[in-house]
Amino acid sequence: MKLHVNGRAHAVEDHWADETLAVVLREALQLVGTKIGCASGACGCCVVHADGRALRSCTVTARQAQPFEIVTLEGLATSDGLPHPVQQAWLDESVSQCGFCQGGQIMAVAAAWNAGPPADAAPLLHLLQGHACRCGTQLRVRRAVERLLRRDRQ
Amino acid sequence: MTSRRRWLQAGAAAAAGLAVAVWLGRRALPVGPSSADPGELDGPWWLHLHADGRLTVRCPVHELGQGASVGLAQLAAEELGLPLSAVDIRLAGSDELPPLRMTSGSRSIAAHARPMARAAAALREHLRAQAALQLALPVDLVRHDGAGFVAPDGRRLSLDTLARQAAGAQAVLAAGGRIEPPLYSFDPARRLRVVGHHAPTAQADDLVRGRPLFAADVMRPGLVHGRVLQAPRPDARLLGVDADAVRQLPGVVGVVVDLADGFAGVVARTPGTLDRAMARLQPRWQWPPDAADAGSASAVDVDAALARGTLDHRLAVDGEAPAGPWAVDLRLDLPPLHHAALEPRCAVAQFGADAGVESLDLWLGSQDSSRCQRAAAAELGWPLDRVRLHRQRVGGAFGGRALVDVAREAWRLARAVDRPVKVQWTRADEFVADRVRPPSSHRVRLAVDADGRLSQWWHAVVSGPMLLGELLAPRRVQPLLQAVVADFGATRGLVAAYAVPRRRIEFGLRAVPMHTGPWRSLGATPNQLAIESAIDDVARRLGRDPVDYRLQHLAPAQARLAACLRRVRERAGQLPLPAGVGVGRGYACGSYHGDSHVAACFDVHVERASGRVTVLRAVCVQDSGLVINPDQVRAQVEGNVAMAIGQVLMEEAVFDTGGARARVWSDYPLPGLADLPPVEVELLSDRRQPPTGVGETALVAAAPALFNALRDACGWRPQRLPVRPADLRRAAAETPAP
């Protein structure tokens with residue numbers, strides 16, 4: 001079986017085919033930036049991009065993900081290694097506390113951002129309401145999104 | 001083994017000898033929590049100055065997201081005159097560090113700041129002495145600036161030159177350790193370059209780029225996956241499992257059953273196989289038939305307990321027994337709470353051999369890795385150094401990673417199948433086996449004199465065990481311990497800061513049929529919720545301003561707390577409360593550990609028809625002494641505000657006879673982005689005061705301030721938390737519209 005992840009094809013042993021994409025990215029491909037917080041699609045830690053759209057990777061099997069171009073948090077930075085604007089906004093606002101959920105939030109915002117930055121923060125914030133964070137970084141997440149939009153206007 | 005030897009040899013002979021003595025002394029202790037604060041011999045191991053002039057800080061606290069590692073690195077940088085960019089923070093393992101204190105109780109900075117600064121200052125003074133020798137000058141003529149040491153005539157020796165010359169740069173500290181070096185970080189007159197300034201958290205870049213940091217991110221050749229049955233109640237006994245049905249499943253590597261130990265686990269090639277295997281294991285549990293039903297509130301009922309007489313432990317008794325009449329007679333019941341950290345706990349275990357001697361490597365995210373190491377060594381019957389603990393970042397703890405069984409689960413399975421095993425709890429495990437904040441029940445009765453001053457204060461609490469339970473003692477010993485000592489976790493903050501002539505403060509512990517343990521701020525927030533509700537209700541009843549009324553009862557010794565309260569009112573008052581029905585403002589203040597002070601103000605709106613609560617604004621003013629990293633202190637305050645909203649408005653861990661009911665993430669709703677108001681944080685930083693705890697402090701004022709705002713908005717004091725829209729709708733239907 002093959003998965004297309006971060007711009008290249010990865011061979012995956014068959015016994016992984018019916019595991020969730022999140023598990024296979026982590027355990028078979030060792031791309032551990034994708035976190036598994038709930039394994040039921042509820043917390044948002046495992047968001048990856050599938051053909052550019054945000055996907056909770058614990059809700060599909062690796063087999064189902066075969067047709068897609070998958071991008072994980074590790075593949076988000078620009079080709080010269082600079083952080084993606086969303087990653088940079090997260091760093092600039094010192095969002096992370098424990099940091100476990102932040103990758104999923106960054107990927108969710110980045111998918112929307114790559115599709116065309118929205119006129120205001122509302123759609124991005126609405127999207128993030130479905131992401132859990134127990135440390136209480138919500139205020140900084142909001143600030144990071146606002147900073148991202150300011151950057152776009154400048 | 002080899003690296004342990006390296007660790008010991010790294011020091012000069014005298015220092016190493018002393019360090020070994022400390023090491024052995026700690027080893028002899030029984031396997032309990034690692035509660036000893038670091039001593040002055042520990043500090044030197046935390047620092048390593050490299051030949052290129054860079055400094056490695058081997059962080060002596062677990063990194064749970066509280067950001068303490070960067071604060072400690074800032075202290076080292078300040079003392080050595082290094083920019084923070086020249087400091088690398090390493091979450092070093094047991095090979096490189098003496099045993100660590102458990103990271104809990106907001107003690108990361110409070111207990112480690114001074115030893116860290118002292119170690120760095122000792123290193124600085126040692127290098128100054130070296131420089132003086134080479135410059136042929138008396139030491140006090142050699143000035144220290146950021147880059148090195150300078151003679152009056154301008155000759156200079158750079159830090160890296162000196163570091164290169166100092167073989168084993170960490171060991172020299174012990175020699176300098178006998179003289180107290182001046183600590184720049186704590187000198188209020190000194191202009192500080194690193195301490196008190198913003199610094200990005202450790203691993204921030206790694207986090208946003210998805211680099212491996214957590215225990216589950218650890219990969220080993222030949223790694224397989226394990227999972228162990230979690231007992232639904234502390235008194236549950238495992239009678240049997242259907243092991244044969246599981247062994248036949250394709251992908252299953254092994255099944256380990258030890259009924260005497262209540263242990264049943266499966267090892268498989270993939271996590272998905274474990275899901276199928278565990279579903280077929282069909283465990284048969286049994287608990288005492290007369291055991292209290294966890295679903296009923298009867299176990300923890302303060303009035304029922306008081307009806308039988310006084311409670312077991314009295315924390316304060318002044319004068320005659322309180323007698324009323326009561327200005328306020330308040331009952332408040334608080335439910336158990338889940339920790340609900342986002343990272344399901346995980347450990348990776350691998351057995352190996354060093355020169356023919358068997359050893360164990362454990363990768364683990366925990367608040368107390370040293371305990372896990374000691375426990376494994378004790379159970380294996382090995383000397384401590386044959387268990388190597390690799391400390392990983394923890395994805396949220398909040399007290400819930402103080403006891404971490406997953407390490408034992410991983411090594412037991414790894415031993416059985418002779419392969420490296422990764423055990424990561426499922427979300428269901430995280431609910432079923434969570435050591436929840438125990439339920440508590442409070443009765444507060446306050447009387448006032450003719451002038452309206454508080455004359456009597458009677459606070460009685462009944463709670464499930466928090467620290468005097470599984471954390472400290474085996475099950476059989478717990479009742480004895482609990483009879484002799486009041487649970488010092490559940491009673492934290494129970495004695496209110498207010499000066500009242502006649503007090504009776506009593507506490508009773510009740511066994512509860514659920515796993516319980518420490519939860520952020522322990523009993524301080526539950527106790528404060530009762531205390532700050534009661535005083536607020538008295539002020540309201542007397543028609544007094546709730547802030548003035550509190551200030552009137554704060555003795556001069558509480559000046560720092562009073563300053564927080566005055567400032568929060570001033571700041572909150574800059575924005576008037578929006579006009580309209582159902583809008584309310586609430587205040588509260590409190591101290592955590594008696595030395596970290598905070599006051600909070602919340603504005604809320606309660607929609608009468610729906611009972612929907614909107615938190616409009618939160619203001620927190622905190623005084624935690626010297627602030628090392630203001631941005632991280634603010635982050636902790638913000639996090640506490642989120643948790644205050646959760647526990648006042650949403651959270652309740654629900655139990656029935658079979659244990660915790662929550663299984664999936666959505667069973668335990670938490671505040672999301674839209675539930676958080678704008679939060680203003682102000683830090684009253686007094687550099688003459690030592691740094692105190694910040695991880696839990698704000699919660700002790702934020703939760704009651706929000707509760708008081710609700711009371712202000714809807715004119716009704718609920719008797720239990722959380723307060724949900726249905727409760728508020730019911731209350732609104734029973735009271736006339738204002």
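Predicted model: local features only at pLDDT ≥ 70, side-chain atom pairs only at ≥ 80, totals over all residues.

Author: The lining of the largest cavity is made up of seven nonpolar, five polar and four charged residues. Rolling a probe the size of a water molecule over the atoms shows where empty space is left. In this structure there are nine cavities of 30 Å³ or more. The largest cavity holds about 110 Å³ of space. Its lining consists of 16 residues, and those closest to the centre are B:Leu403, B:Arg435, B:Thr516, B:Gly517 and B:Pro518.

The second largest cavity has about 90 Å³ of volume. Its lining has 13 residues, with B:Gly93, B:Ser94, B:Leu100, B:Ser369 and B:Ser370 nearest the centre. By class, this lining divides into seven nonpolar, five polar and one charged residues. Two elements of chain B, helix 11 (369-380) and strand 16 (387-391), each give at least two residues to the lining of the second largest cavity. Helix 11 of chain B makes the largest contribution to that lining, with three residues.

Strand 9 (residues 252-258) and strand 10 (residues 263-268) of chain B run antiparallel and are joined by six bridges. One pair to find on the screen is B:Gly254 and its bridge partner B:Val267, which is in strand 10. Four residues lie between the two strands of this hairpin, and B:Gly262 has a positive phi near 65 degrees.

Next comes chain A, with six helices and five strands. Their order along the sequence is β-β-α-β-β-α-β-α-α-α-α. The radius of gyration of chain A is 15 Å, close to the 15 Å that the globule rule gives for 154 residues, so chain A is as compact as a globular protein of that length. Along the principal axes, its C-alpha atoms fill a box of roughly 45 × 30 × 25 Å. Of the 154 residues in chain A, 58% are buried. Among the contacts in chain A with a separation of 6 or more, 60% are between residues 24 or more positions apart.

Strand 1 pairs with strand 2 (residues 8-11) of chain A through four bridges, and the two run antiparallel. The same strand 1 is joined to strand 5 (residues 69-71) of chain A by two bridges, and here the strands run parallel. A:Val5 can be followed in both pairings: A:Arg8 stands opposite it in strand 2 of chain A, and A:Ile70 stands opposite it in strand 5 of chain A. Strands 1 and 2 of chain A form a hairpin with two residues between them, and A:Asn6 in the turn has a positive phi of about 50 degrees.

Two buried residues in the helices of chain A remain. A:Arg26 belongs to helix 1 (residues 21-28) of chain A. Its relative accessible area is 3%, which is under 20%, so A:Arg26 is buried. Neighbours within four places in sequence aside, A:Arg26 is in contact with residues of chain A, including A:Leu31, A:Val32 and A:Lys35, and with B:Ala216, B:Asp217 and B:Met219 of chain B.

A:Ala89 is in helix 3 of chain A. This residue also counts as buried, at 3% relative accessibility. Other buried residues in helix 3 (residues 85-92) of chain A include A:Pro85, A:Val86 and A:Trp90. Not counting residues up to four places away in sequence, A:Ala89 touches A:Ala144, A:Arg147 and A:Leu148. Between the C-alpha atoms of A:Ala89 and A:Ala132, 43 residues apart along the chain, there are 19 Å. After helix 3 of chain A comes A:Ser94, with a positive phi near 45 degrees.

Terms used. Residues numbered from 1 in each chain as written. Chains lettered and ligands numbered in written order. Heavy atoms only, no water. 1 Å grid on protein atoms, 1.4 Å probe; cavity = no way out; pocket = protein on both sides within 12 Å on 5 of 7 lines; lining within 4 Å. Points joined across faces, edges and corners; volume = space filled by probe spheres on them. Nonpolar A, V, L, I, M, F, W, Y, C, P; charged D, E, K, R; others polar. Pairing = 2+ DSSP bridges. Rg over C-alpha atoms; globule rule 2.2 N^0.38 Å. Buried < 20%, exposed > 50% of the residue type's maximum accessible area, 1.4 Å probe, protein only. Contact = heavy atoms within 4.5 Å.
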